[in-house]
Amino acid sequence: MTHHHFEHDGIVLASQVDGTKGGQPLLLLHGLSGASCTYDEVVSYLDPSLEIHRLDFRGHGDSGRAPGTYDLPHMAADVVAYIDQVVGRPVLLVGHSLGGVVAHVVAQRHPEHVVAVFEEDPPLYFCDHALFEQTMFAMVFPMIAGQIRDVQANDVPVDAVCEGIRNAPTARGGIAADDMNDTNIKSRASEMMHCDPATIDTAIAGHMLVGYDPDEPVTVPLTVVRADPALGAALSPEHAAKLALSQPHAMITEIANATHLIHSEIHTSDTYLSHLRAAISNGFGPR
């Protein structure tokens, strides 16, 4: 793994690259309050002949903070600049949640930069903020922002942050330790310790997912995996049906028993990987 920093729009953005230089390029995009480390375990199971890029969005991970610019237009522009300046050729875009929306928009507006798109439970229709406010995310986001502020203000040690995550309640009625292994718990702790909570404030206020139409055509191959509606899916069955009408070539699949954190949980990570590998094979050809 190598680490990169590049500047765009006055912000220094961080990334890491795994796999084989010159291989078929993937670009992995994390969700709100996340970071590139969310894909640590996923990357370990992907074909090492791929060139696998992971970008920290502005305000996340090791990228610079830029309050007032935590919105979709800025983040999509960062991704396009990264593809231009660092990768240098079209990529297969993979995105979780917010990252899935960013990937969707980049594919809509810059198809020449994108081989295919793989989206994990993307909240595509939360551009209508009233829809966001009707979901569990409207209640959860303020709590996450408060937890992040507490961790950072009190300089909480990483072991204590991990312990708090292990014992946090989940959508299944248990605790996170029942659903996540140590690698993913440590990744989540790192994300909390390095996220600007103003990013979440922006989402709560309705200023993040702006300036796009989810039903505008995506002309490259599109795969969407979505969570179980009973466990807090960001892409509801109604929105998945709407998406299928506007993107008739898309492969949209519900992952049974999946929460919003499909790739991070032991119950659904294998299924996630099988769908991701299929998308890679379809996008780049058999591997």
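## Basis

Residues are numbered from 1 along each chain as its sequence is written. In this predicted model local features need pLDDT of at least 70 and side-chain atom pairs pLDDT 80 or more, while totals for chains, interfaces and linings use all residues; side-chain values use heavy atoms, without hydrogens and water.

## Helix 5 and helix 8

Helix 5 (residues 137–153) and helix 8 (residues 198–205) have axes that come within 9 Å and cross at roughly 165 degrees. The two helices are therefore roughly antiparallel (angles over 145 degrees). Their crossing is left-handed (the near helix is turned anticlockwise from the far one by less than a right angle).

Helix 5 contributes Phe141, Pro142, Ile144, Ala145, Ile148 and Arg149 to the contact, and helix 8 contributes Ala198, Ile200, Asp201, Ala203 and Ile204 (contact means heavy atoms within 4.5 Å). Of these residues, nine are nonpolar, none polar and two charged.

## Aromatic pairs

Six aromatic pairs are found in the whole structure (ring centres within 6.5 Å). In one of them, phenylalanine 118 and tyrosine 272, the centres are 5.6 Å apart and the planes at 85 degrees, so the pair is edge-to-face (planes over 60 degrees apart). Phenylalanine 118 lies in strand 6 (residues 114–120) and tyrosine 272 in helix 10 (residues 269–284), 154 residues apart. Both residues are buried (under 20% relative accessible area, 1.4 Å probe, protein chains only).

Phenylalanine 132 is buried at 4% relative accessibility, and phenylalanine 141 is buried at 15%. Ring pairs join Phe126, Phe132, Phe137 and Phe141 into a cluster.

Terms used:
Axes fitted to C-alpha atoms, helices over the stretch in contact; angles between N-to-C directions. Helix = DSSP H or I, 4+ residues; strand = E, 2+ residues; numbered from the N terminus. Parallel < 35°, antiparallel > 145°, perpendicular 65-115°, else oblique. Nonpolar A, V, L, I, M, F, W, Y, C, P; charged D, E, K, R; others polar. Phe/Tyr/Trp six-rings, centres within 6.5 Å; stacked < 30°, edge-to-face > 60°. Buried < 20%, exposed > 50% of the residue type's maximum accessible area, 1.4 Å probe, protein only.
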